[in-house]
Amino acid sequence: MPVSAVVGIEEGDLVELVTGPFKGEKARVQKIDENKEEITVELVDAMVPIPVTVKADSVRVVEKEN
């Protein structure tokens, strides 16, 4: 049975995007959609907070929410 890509990712975690146009950017997890294996993140360094939805396998957790 394959393991879901969203396992280990929680709302509030700090993640780094590893693919796509925002590669290398850090973001905070806002919402997790386990059915589609997508997460909605908000870029940390952006002037205007814009939610971006990405596949869960295109991020890596940098820091867990306490």
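This passage describes the overall fold and one surface feature of the protein. The structure is a predicted model, in which local features need pLDDT of at least 70 and side-chain atom pairs count only at pLDDT 80 or more, while totals for chains, interfaces and linings use all residues. Residues are numbered from 1 along each chain as its sequence is written, and side-chain values use heavy atoms, with hydrogens and water left out.

The protein contains 5 strands and 0 helices, where strands (E, at least two residues) and helices (H or I, at least four) are DSSP runs numbered from the N terminus. Along the sequence the pattern reads β-β-β-β-β. The C-alpha atoms occupy a box of roughly 40 × 30 × 15 Å along the principal axes. Of contacts between residues at least 6 apart in sequence, 39% join residues at least 24 apart; a contact means heavy atoms within 4.5 Å.

Of the 66 residues, 29% count as buried, that is, under 20% relative accessible area with a 1.4 Å probe and protein chains only, whereas exposed means over 50% and partly exposed lies in between. The protein exposes about 4600 Å², of which carbon and sulfur atoms supply 51%; accessible areas come from the Shrake-Rupley method with a 1.4 Å probe, and for residues only the protein chains shown count as cover.

Val 48 is situated in the loop between β3 (38–43) and β4 (51–55). Val 48 is exposed, its relative accessible area being 54%.
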